[in-house]
Amino acid sequence: MKLSRQFTVFGSAIFCVVIFSLYLMLDRGHFDHPKSPRREGTFPKGQLSILQEKIDHLERLLAENNEIISNIRDSVINLSESVKDGQRNPEAVNFSQGSFSELLPSALVSLTIDPEDCSFASKSGSQDSNVQMLDVYNILPFDNPDGGVWKQGFDITYNENEWDDEPLQVFVVPHSHNDPGWLKTFDDYFRDQTQHILNNMVVKLQEDNNRKFMWSEISYFSKWWDGIDSQKKDAVKRLIEDGQFEIVTGGWVMPDEASAHYFALIDQLIEGHQWLEKTLGVKPKSGWAVDPFGHSPTMTYLLKRSGFSNMVIQRVHYSVKKYFATQKTLEFFWRQNWDLGSSTDILCHMMPFYSYDVPHTCGPDPKICCQFDFKRLPGGRVSCPWRVPPEAIHPGNIQHRAWMILDQYRKKSKLFRTKVLLAPLGDDFRYSESSEWDQQYQNYQKLFDFMNSHPELHVKAQFGTLSDYFEALRKAGNLEEKNSNSVFPVLSGDFFTYADRDNHYWSGYFTSRPFYKRLDRVLESYLRAAEMLYSLALVESKKSDKMNAFPSVDHYKLLTEARRNLGLFQHHDAITGTSKDWVVVDYGTRYLLVYNPTEQERFSVVSVYVNSPKVKVLSPSGKPIMVQVSGVWDGRTTVSHEAYQISFMVHLPPLGLGVYQLLEVLNSEMFLADYNIYTSGGNNVQVNPDKVFKIKEMQNSADDITLENSYMKLWFSGISGLLKKINTKEDGKNHQIKMEFAWYGTTSNRDKSGAYLFLPDGEAKPYVFTDPPTIRVTHGRIFSEVTCFFLHLTHTVRLYKVQGLEGESLELSNIVDIRGEYNREIAMRISSDVNSQNRFYTDLNGYQIQPRVAMSKLPLQANIYPMTTMAYIQDSGVRLTLHSAQSLGVTSLKSGQLEVIMDRRLMQDDNRGLGQGLQDNKITANLFRLLLERRNEVDEKEEKSSVSFPSLLSHTTSFFINHPVIPMTTYAESGVPQILNTFSPLTSSMPCDMHVVNLRTIQSKADSGPSDEAALILHRKGLDCKFSNKDTGLLCSTTQGKIKVHKLFNKLIVESLIPTSLSLMHSPPDARNISEINMSSMEINTFRIRLR
């Protein structure tokens, strides 16, 4: 590739800088967000105004984006001019091993799927688990009888001599849960508490080598490490080596498991693990997730792929905990629903009681356990709510006190299958004062010494780390012996939706603060694009002697900061969303660089704003292409002439760039959109004629409004403007699919909905409007749409009139504004004639699908589940999928329905520690696609299975909505060589079921700059083939998970490709350079790759 081209390529990568400006502003993502019971402290009043300032700042940054991009692009063009390679008019670069065409994909053929690639979905679900969570939900009565001292459980009894043959081994595990931002910001928590906890840890653990401590959040630990001296650093390394101090999980945060996407979960794990390996040489092996509000098997899978063998979870529905306690299944091998073998098994310990604090971890009676939380000794700031304080241990009370706590330990151990017991000792931000270390460690050591010196008690008690516990547990369960049968059952499924007491289901937070949940997804898409462009740019720049022209170290530092800020965003008190801002492109001649973040060749519609309705767009090979010019509206009925929106179809190489030229001239390929505006006499709406666009005023009427493309025809109500019916042209069938909106209120009881809890006042009430809304119908060559303007939301359904994927589903978008409401939540409901009964399907973290059953024995709020990217309903003939570009709560309360909670405004705290309601609502945009697919040859067994998979079309639709193409603009100054017209890093599309999760440059071992290696992370998706594959518009095939690596990259040589564990911590014993990647369905694999 000639030098001017190279510089343009990696110049394009510099758009990273723009993205990072967004992140830098989110300096540590401290959004006031939900939390757990009885936390000390209330919410500082000033925090909301700080948050508001940050958002205003973010919005200003978005507006500055274009300017920054222009400057960067101009400098790149000047740079390429200085290289003077003399080639003014490079011919179009071919990709997809065929000739480049910018025509619409008109003659699309059936997709080639190898039959072997279909067998995975049909075999899945026949796996052998002892405990399947769908069955558990079926069995449980979900009643809530009073269990005595263990209120949500039962009375536990034991026989004194049960431990005569094998003594009870107790591991008391001190820990401190540090939220990176909750009631205070990350920096305030660090200053006031976290740094003192870690400073004390170094001193206090060295005083006695029996003492142990563990830590999980690397965001805090790395900040502390950067500020301590080398003497302290050496001491920490010694404590780790001696087994006194252990890092558990080791991610950047302890992430939320409901709203987070698997891209971000992996990214924050890698960030933490890479930091640990480089700084301390440490490789965590046990997971510790005590505070996420419900647990997902996706996280389990990611830990297993990272080389973990054990994990601990805590927040699980109290009825499930009680049932597991009666069955002694609180410790189990957690296996993925789709795993036909046992390769995904990981040993999991579920805490049996209400919380991870000391009163709920030593045994079933919190009143007694609280007396062994020595921070609560009389005279301190915290006391026991049961009004019996702890007593310091002395010779006069030690016998009685040791017996009291041993009784709790024994009772707790009766809920498990071995005589090895885990007793955590900690809570939020504990051990920040030196005195607490002395109180806890000295008093417990006295108890241990007494118990251990009395053989008739048959107990061995000690401080331990999580690894000490699991080592002893594995030994007791004979897990080290290859052929012995495991004492632990195998479990499959997930642990949503969480309830901690009564009917208090934590399904509110699936939607809370949707603005941030949307922002999160946009930032993920930008970060992934920036990572890939940076990695490719780094390789390209090294091939030239102009390496110093590419600021690789500065950009790498920005990339690191972006990763860490996105990581903080995934914390279980933060993950929270965006609105896309546009800036008007005015003309010189403009080049539009469009980046395709997809690993397959892609046709996509791109829309940009310009300052003139006269426009000509030239494709990368210089040919004019069809353009739709649409109005930019000032309110509902008036066109603004400050800007115009132009839309056109781009054709892009996989993971590559195409350069389109924008010219301000009249053009026969330019088509203006027409408008019909429906008004009712009552709403005083004035429709003004326009000098550019044809606008026709109509009356709201009983006549339907219709839109159609080559795949479907849509009918909308002429009164409300909402969708009523879809006709699919492939089979000529009509489907009743009705769009509605609804309100939920909150209960009149004392406990009301808040940031975490959803406690509605019964079923949703229909959204009613007195006057019909204004309806604006757009008819265009590229897309047509219907927009209805209601008081609290603007709802748009867009139908793309293009061949291929974007024409096969409807784009739905809402702009929601409930800032004036009082204790209300707004939902979008799709009612259809799909005979789904009470079954529906939601994704977990964008990685896998979990079947759900809406149960009448449960309260309404229990039937709401997290949706990260999709939810669907189906019957034997069709599947209706709602694809989402943000995480929200979803349900199906009646056959044929899908319902999504879009925003919540709640005036009170829900008593989970946050100390405030949800009143900082913003005007929030959300985005969906609705896909209707015909199912073929379905068998009955499948409908009851514990697994389900999206079709290939559905997977790709989801990817398109979450990773739109990224347009970037630059001026073309006179006399500058024509810039590269396409950049194709891959020789051809990757297989349809293969997804590049990331291509992430690895940090150098020597400094904070980049190394010459990158992590290539691939995911092979599981897919359901029983759908029509005609005209899907997918430009790829499947290959049984095989990829020949040396044929993958275009003009780049793969020097080495070595398999590694997911987060790069471990290399398999037989790790060697490979030339073919071979992956099973659902697998996520990481490879260390060197390109030149």
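A disulfide is taken here as a pair of cysteine sulfur atoms within 2.5 Å. The model is predicted. Counted along the chain, the bonded cysteines pair in the pattern 1-7, 2-3, 4-5, 6-8.

Cys370 and Cys384 form one of these disulfides, with an S to S distance of 2.1 Å. The torsion about their S-S bond is about -100°, so the disulfide is left-handed. Cys370 lies in the loop between α12 (366–369) and α13 (398–413). Cys384 also lies in the loop between α12 and α13. The two cysteines are 14 residues apart. Both Cys370 and Cys384 are buried.

A disulfide also links Cys118 and Cys1025, whose sulfur atoms are 2.1 Å apart. This bond is left-handed, because the torsion about the S-S bond of Cys118 and Cys1025 is about -90°. Cys1025 has 17% relative accessibility and so counts as buried.

Cys992 is joined to Cys1036, with an S to S distance of 1.9 Å. Here the torsion about the S-S bond is about 100°, so the disulfide of Cys992 and Cys1036 is right-handed. Cys992 sits in the loop between β41 (982–983) and β42 (994–1003), and Cys1036 in the loop between β43 (1010–1020) and β44 (1042–1044), so the bond ties together parts that are 44 residues apart in sequence. Both Cys992 and Cys1036 are buried.

Burial was also computed for two further cysteines. Cys348 counts as buried because its relative accessibility is 1%. Cys788 has a relative accessible area of 0%, so Cys788 is buried too.

Helix packing was examined for α7 and α8. Two packed helices are described by the angle between their axes and the distance between the axes. Helix α7 spans residues 218–226, and helix α8 spans residues 230–241. Their axes come within 10 Å and cross at roughly 140°. The helices α7 and α8 are therefore oblique to each other. On the α7 side, Phe221, Trp224 and Trp225 make the contact. On the α8 side, the contact is made by Lys232, Lys233, Val236 and Lys237. The residues of this contact divide into four nonpolar and three charged, with no polar residue.

Key: Residues are numbered from 1 along each chain as its sequence is written. This is a predicted model: local features need pLDDT of at least 70, side-chain atom pairs count only at pLDDT 80 or more; totals for chains, interfaces and linings use all residues. Side-chain values use heavy atoms; hydrogens and water are left out. Axes are lines fitted to C-alpha atoms, for helices over the stretch in contact, and angles run from 0 to 180 degrees between N-to-C directions. Helices (H or I, at least four residues) and strands (E, at least two) are DSSP runs, numbered from the N terminus. Angles under 35 degrees count as roughly parallel, over 145 as roughly antiparallel, 65 to 115 as roughly perpendicular and the rest as oblique. Contact means heavy atoms within 4.5 Å. Ala, Val, Leu, Ile, Met, Phe, Trp, Tyr, Cys and Pro count as nonpolar, Asp, Glu, Lys and Arg as charged, and the others, Gly among them, as polar. Buried means under 20% relative accessible area, exposed over 50%, partly exposed in between (1.4 Å probe, protein chains only).
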